[in-house]
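The notes below keep to what I looked up, one topic at a time.

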Amino acid sequence: PGDSAMPDTGPMTVSVPGAVRGWAEALHRFGTITWRQALEPAVELARRGLPVSERLSEDIAEQQKKVATDSVAARIYLPDGKPPEAGSVLHQDELAATLARIQQNGPDEAYTGETGRKTVSYLRSLGGFLESQDLADYRPEWLEPISTEYRGLTVVAMPPNTQGVTLLEELSLLRNLDLARLGHNTPDYLHTLAEAISLAVQDRDTSVADPRAMRTTVAQLLDTTRIAALARTINPQRAGPSPSPPRPDQPNAVYM
């Protein structure tokens, strides 16, 4: 990719971590236990070690070359220089210490405390752009979910800037098609699913972004007349045009 392409790895791909204050908001609104109690299982699991599943072992092995280029990641996720085997135990003492510090000091520890300062310092040392003020200013937002109906079910997803609308569009497209007639997992059935997914992904790449910047609304994307027209473009005999890769300056989702 050229110099203007968005990087897909490295310090410039790291955005403000929202999880910790998100946990705190959810716990405050719906929780029945204390912050310390809520984090205790995670602290203990990191301290004692996490049993490695087959999926985790395979995922680390798949990304082994990328992980190996970062000395810190390699030390944690490539013990003895190779991916941990399924059934082994992955110890993360540093993660346990970080979680314990957040448990002790509260959620702001991850943003304005020692943990936040270490995060910024490390990323800046690698050439990243994250600043202390970015962490300090972050606040979670409560959002209204979006939904669609699919064969008697109400399917709920997160709104933009996540790509939850993509799943809803896929289901809306398939709602217009007679999948039962095609036979489960037949070539025609799988082709039709692939085409519906492709159409929804094209909309994702051209229309989904931060809602404050979107030029198309969720309601417009899921409009029944529009969806029916799109469904009619699915050719049961041949694939439609492949989605074009989004341009670096094109609006897109930034988290799921």
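The entries cover rings, charges, one hairpin, one surface patch and one distance.

**Entry: the model.** I noted at the start that this is a predicted model.

**Entry: aromatic pairs.** Phe30 and Trp142 make an edge-to-face pair, with 5.9 Å centre to centre and 75 degrees between the planes. Phe30 belongs to helix 1 (residues 19-30), while Trp142 sits in the loop between helix 9 (132-137) and strand 3 (146-150), so the two partners are 112 residues apart and the pair links distant parts of the chain. I then checked exposure: Phe30 is exposed, at a relative accessible area of 58%, and Trp142 is partly exposed at 42%.

Next I turned to Tyr111 and Tyr138. The cut-off for stacked is under 30 degrees. Tyr111 is in helix 7 (residues 109-112) and Tyr138 is in the loop between helix 9 and strand 3, so the pair ties together parts 27 residues apart in sequence. Tyr111 is buried, with 3% relative accessibility, whereas Tyr138 is partly exposed at 25%.

**Entry: charges over rings.** Which residue lies over the face of Tyr111? I found Arg21 there, 4.2 Å from the ring centre. I also found Arg29 over the face of Trp142, at 3.7 Å from the ring centre.

**Entry: salt bridges.** My count came to 14 salt bridges. I looked up three of them.

- Arg101 bridges to Glu114, and their closest N and O atoms are 3.9 Å apart. Arg101 is in helix 6 (residues 93-105) and Glu114 in helix 8, 13 residues apart, and the pair links distant parts of the chain. Arg101 is buried at 18% relative accessible area; Glu114 is partly exposed at 33%.
- Asp178 bridges to Arg181, with 3.9 Å between the closest N and O atoms. Asp178 is partly exposed, with a relative accessible area of 45%, and Arg181 is exposed, with 63%.
- Arg204 bridges to Asp205, with 2.9 Å between the closest N and O atoms. Is Asp205 buried or exposed? Asp205 is buried, at 5% relative accessibility, while Arg204 is partly exposed at 21%.

I also noted a network of salt bridges that links Arg101, Glu109, Glu114 and Lys118.

Entry: How many bridges join strand 3 to strand 4? I read five, and the two strands run antiparallel, strand 4 being residues 153-157. Ile146 is placed opposite Ala157 of strand 4. Two residues lie between the strands of this hairpin, and Arg151 takes a positive phi near 50 degrees.

**Entry: a surface patch.** Val72, Tyr122 and Leu126 make a nonpolar surface patch of about 240 Å². I placed Leu126 in the loop between helix 8 (114-125) and helix 9. Leu126 is partly exposed, with a relative accessible area of 43%.

**Entry: Gln202.** I found Gln202 in helix 12 (residues 187-207). Gln202 is partly exposed at 26% relative accessibility. From Gln202 to Arg238 I noted 17 Å, C-alpha to C-alpha, with the two 36 residues apart in sequence.

Methods. Residues numbered from 1 in each chain as written. Predicted model: local features only at pLDDT ≥ 70, side-chain atom pairs only at ≥ 80, totals over all residues. Heavy atoms only, no water. Phe/Tyr/Trp six-rings, centres within 6.5 Å; stacked < 30°, edge-to-face > 60°. Helix = DSSP H or I, 4+ residues; strand = E, 2+ residues; numbered from the N terminus. Buried < 20%, exposed > 50% of the residue type's maximum accessible area, 1.4 Å probe, protein only. Lys NZ or Arg CZ within 6 Å of the ring centre and 35° of its normal. Pairing = 2+ DSSP bridges. Patch = residues over 30% accessible without salt bridge, like charges linked within 9 Å, V, L, I, M, F, W, Y side chains within 5 Å. Areas by Shrake-Rupley, 256 points an atom, 1.4 Å probe, with all protein chains shown as cover. Salt bridge = Lys/Arg side-chain N within 4 Å of Asp/Glu carboxyl O.
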